[in-house]
Amino acid sequence: MMKKLMLGNEAVARGAYEAGVSVVSSYPGTPSTEITENIVKYDDIYVEWAPNEKVAAEVAIGASIAGARSMSCMKHVGLNVMADPVFTASYTGVNGGLVADDQGMHSSQNEQDSRHYAKASKILMLEPSDSGECKEFTKTAYELSEKYDTPVFLRLSTRVSHSQSLVEEEEKQEV
């Protein structure tokens with residue numbers, strides 16, 4: 001086990017890898033773009049950019065229903081675009097899905113709070129405060145997702161996404 005200085009987004013990618021994620025479909029948007037850009041470095045994960053957030057969520061949800069641990073990343077306004085399939089996944093259930101988003105309007109046209117989506121859709125939301133928590137909360141999100149048969153939101157701030165702190169790298173979990 002080795003400790004390494006990582007950006008929050010890089011730590012989310014590492015957490016997804018260690019959690020055994022096998023499918024990632026995302027839509028690029030600052031500050032979440034670097035999550036997918038770092039996940040693509042792990043050869044055994046299928047990674048794609050989708051044409052929009054709804055398609056990205058549908059790919060991840062479909063993979064999850066089929067039994068794969070999956071992830072979809074986008075910025076907070078992207079949650080509006082993917083709301084329909086995410087709300088549906090909340091009540092139909094999944095087998096290990098996760099949606100990551102950010103907060104604030106640093107790179108968006110408006111300010112909105114995705115915690116309201118979590119409450120309305122009855123989806124758990126985790127909010128890490130540093131890179132170490134980004135990795136650990138990502139792994140925990142998959143455990144919670146499978147335990148409660150629901151997607152889980154990981155809510156990142158721009159500061160946490162782009163700040164560095166120490167992260168302990170661990171072995172990949174076989175799922």
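Entry one. I began with G97, and found that G97 touches S64, S70, S145, T150, P151 and V152, leaving out residues up to four places away in sequence. I note here that the model is a predicted one. I placed G97 in the loop between α5 and β5 (98-103). Is G97 buried or exposed? I read a relative accessible area of 6% for G97; buried means under 20%, so G97 is buried. I also looked up the pair G97 and V23: they are 74 residues apart in sequence, and their C-alpha atoms are 9.8 Å apart in space.

Entry two. I turned to helix α1, residues 8-18, and counted eleven of its eleven residues as buried. Among them are N9, E10, A13 and Y17. Just after α1, I found G20 with a positive phi of about 85°.

I looked up how α1 sits against helix α7, residues 131-148: their axes come within 7 Å and cross at roughly 30°. Angles under 35 degrees count as roughly parallel, and therefore α1 and α7 are roughly parallel to each other. I noted the crossing of α1 and α7 as right-handed. Which residues meet there? On the α1 side I listed G8, A11, V12, R14, G15, A16 and E18, and on the α7 side S131, C134, K135, T138 and K139. Sorted by class, the contact of α1 with α7 has four nonpolar, four polar and four charged residues.

I went on to the largest nonpolar core, which has 25 residues. Those that touch the most other members are V12, I35, I39, I45, M71 and L98. I then checked which elements give two or more residues to this core, and wrote down α1, α2 (33-39), β4 (70-73), α7 and β7 (152-157). The most comes from α1, with five residues.

I looked at another helix pair, α3 (residues 53-65) and α5 (residues 83-92), which pack at an angle of about 25° with their axes 8 Å apart. That angle makes α3 roughly parallel to α5. I listed K54, A57, E58 and I61 of α3 and D84, P85, V86 and A89 of α5 as the residues that make the contact. By class I noted five nonpolar, no polar and three charged residues in the contact of α3 with α5.

I searched for positive phi in residues other than glycine, and K122 came up with a phi near 60°. I located K122 in the loop between α6 (115-121) and β6 (124-126). With a relative accessible area of 69%, K122 is exposed. D149 is also a residue other than glycine with a positive phi, near 55°. I placed D149 in the loop between α7 and β7. How exposed is D149, and what relative accessibility does it have? I read 40% for D149, so D149 counts as partly exposed.

Methods
Residues are numbered from 1 along each chain as its sequence is written. This is a predicted model: local features need pLDDT of at least 70, side-chain atom pairs count only at pLDDT 80 or more; totals for chains, interfaces and linings use all residues. Side-chain values use heavy atoms; hydrogens and water are left out. Buried means under 20% relative accessible area, exposed over 50%, partly exposed in between (1.4 Å probe, protein chains only). Helices (H or I, at least four residues) and strands (E, at least two) are DSSP runs, numbered from the N terminus. Axes are lines fitted to C-alpha atoms, for helices over the stretch in contact, and angles run from 0 to 180 degrees between N-to-C directions. Angles under 35 degrees count as roughly parallel, over 145 as roughly antiparallel, 65 to 115 as roughly perpendicular and the rest as oblique. A crossing is left-handed if the near helix is turned anticlockwise from the far one by less than a right angle, and right-handed if clockwise. Contact means heavy atoms within 4.5 Å. Ala, Val, Leu, Ile, Met, Phe, Trp, Tyr, Cys and Pro count as nonpolar, Asp, Glu, Lys and Arg as charged, and the others, Gly among them, as polar. A nonpolar core is a set of buried Ala, Val, Leu, Ile, Met, Phe, Trp, Tyr and Cys residues joined through side-chain atoms within 4.5 Å.
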